[in-house]
Amino acid sequence: MSERAANQVQPETVAAAHGVASDTAFGAVAPPLYLSSTYEFAGFDTPRAYDYGRVGNPTRDLLGDAIARLEGGAGAVLTPSGMAAIDLLLNRLPVGSAVLAPHDCYGGTLRLLKERAGLGQLTLQLVDQSDNPAFRAALEDRPALVLIESPSNPLMRVVDIAALSALAKEAGARVAVDNTFLSPALQKPLLLGADYVLHSTTKFLNGHSDVIAGAVIAAEAEEARNLKRWANATGAIAAPFDSWLTLRGLRTLFARMAAQERNAMAVAQRLRSHSAVARVHYPGLADHPDHALAARQQKGFGAMMSFELDGGVPAVRRFVGHVRHFTLAESLGGVESLVAHPATMTHVDMGAEARAKAGIGDGLLRLSVGLEHIDDLLAGLEAGLAAC
Ligand SMILES: *Cc1c(COP(=O)(O)O)cnc(C)c1O
């Protein structure tokens, strides 16, 4: 088959089969794991395709190529964590650049941006990106980089990536979208006008809660090369074994996303009809404020949601003490269901005032819905809710 024809397959095929049966040494069907840190030169002054593992690694490159193809990008750089992926982009900004980020962005991202701003390396503007006049006003500062997260964490607010990207680019900014919550199975920000996609591959891309890693995908080939060069220069590279595990997880991405979304929709509907629940934040529900935008912009609504218990912290305590099948833990995107309490876990560093401003109440719980049987998940939730 020609290279061209091989590249024109559907994304499900890329995820399931990129690099399968490509081993020239033994014909291994599953791509081998190359742990070697260094590679023998073919002869004097004659390096092969790989010379040193920080510069490049066949296992890591296979995963990078697969993720870049899934996102529709020119290339991807795999980093040791999602945070390292975001930092790789920040590292490339001239000192003193302005960065515009969502006021309710991922807690680790907020911490990194504030620390770098505190050192004088960048100036930071945090705005509610669904507030169009506020976003336009912030662009008057001429940011070098606009960070977008959609849907947001934990309230699942959705912003119009194409519209914001167009405005940002008009103002001379580059646009990076954190696509961790949906994965390329459900959203492709580069096709909506973004310059970069960021991932915590720790979450849905790996999908099995056994790797910490990240990725930056660039729309343009030159930027992809620049990022790769920079990752080598700073040493921010993902380990071969983590890359191999993530490629293995990626094989089932589309099947997992579809099944987890089905479960999530059933969970959201059950939560909404329960008397102990004040509100459910899931864009798949027709009365979610961003439902129409999510339906237009995304290929699905994903497996993340949050909901508010009527009884505040005492109710939260009783819920997490009695719920079954939802493990109380941070992180998301694995095959197992998790529940987190943003005010004391993922968003504790944000501070009470900023949480209140962003609408993250003390009675709010976030769910990552997994692959368990829906009857068990609903019964497990009922056990928690009955105790509230
Ligand atoms: C988890 C997460 C990150 C950080 O990724 P790590 O792999 O934990 O470093 C960044 N953005 C979002 C949206 C996340 O959920």
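Which residues of H4 are buried? In the predicted model described here, local features require pLDDT of at least 70 and side-chain atom pairs count only at pLDDT 80 or more, while totals for chains, interfaces and linings use all residues. Residues are numbered from 1 along each chain as its sequence is written, and side-chain values use heavy atoms, with hydrogens and water left out.

The buried residues of H4 are Gly82, Ala84, Ala85, Ile86, Asp87, Leu88, Leu89 and Leu90, where buried means under 20% relative accessible area, exposed means over 50%, and partly exposed covers the range in between (1.4 Å probe, protein chains only). Helix H4 spans residues 82-91, and because eight of its ten residues are buried, it is largely enclosed by the rest of the structure. Helices (H or I, at least four residues) and strands (E, at least two) are DSSP runs, numbered from the N terminus. At the start of H4, the backbone nitrogen of Met83 has a side-chain oxygen of Ser81 within 3.4 Å.

Ser81, Gly82 and Met83 also belong to the surroundings of the ligand, together with Tyr106, Asp178, Thr180, Phe181, Ser200, Thr202, Lys203, Ala213 and Leu332; a residue is counted here if one of its heavy atoms lies within 4 Å of the molecule. This shell comprises five nonpolar, five polar and two charged residues. In this classification Ala, Val, Leu, Ile, Met, Phe, Trp, Tyr, Cys and Pro are nonpolar, Asp, Glu, Lys and Arg are charged, and the others, Gly among them, are polar.

From Ser200, a polar side-chain atom lies 2.8 Å from a ligand oxygen. The ligand taken alone exposes 380 Å², of which the protein buries 92%; accessible areas come from the Shrake-Rupley method with a 1.4 Å probe, and for residues only the protein chains shown count as cover. A polar contact is a pair of N or O atoms within 3.5 Å; within protein, one must be able to donate a hydrogen and the other to accept it, and residues adjacent in sequence count only if both atoms are side-chain atoms.

The ligand sits in the second largest pocket. A pocket, on a 1 Å grid over the protein atoms alone, is an open set of points where a 1.4 Å probe fits, with protein on both sides within 12 Å along at least five of seven lines. A molecule sits in a pocket if more than half of its atoms lie within 2 Å of its grid points.

His18 is buried, with a relative accessible area of 14%, and its side chain makes a polar contact of 3.1 Å with the side chain of Arg69.

The loop between strand S4 (145-149) and helix H7 (161-170) contains Pro151, and the peptide bond from Ser150 to Pro151 is cis, with omega near 0 degrees. Pro154 lies in the loop between S4 and H7, and a cis peptide bond with omega of about 5 degrees joins Asn153 and Pro154. Ser209, in the loop between strand S6 (196-200) and strand S7 (214-218), has a positive phi of about 50 degrees although it is not a glycine; Ser209 is partly exposed, at 43% relative accessible area. His325, also not a glycine, has a positive phi of about 75 degrees. His325 is found in the loop between helix H12 (312-322) and strand S10 (327-328) and counts as partly exposed at 39% relative accessibility.

Arg229, in helix H8 (residues 221-234), counts as exposed at 51% relative accessibility; Arg229 and Gly370 are 141 residues apart in sequence and 37 Å apart in space. Leu245, in helix H9 (residues 240-250), is buried at 16%, and its C-alpha atom is separated by 33 Å from that of Arg296, 51 residues apart along the chain. Met265, in helix H10 (residues 253-272), is partly exposed at 23%. Between the C-alpha atoms of Met265 and Gly302, 37 residues apart along the chain, the separation is 8.7 Å.

Technical notes:
1 Å grid on protein atoms, 1.4 Å probe; cavity = no way out; pocket = protein on both sides within 12 Å on 5 of 7 lines; lining within 4 Å.
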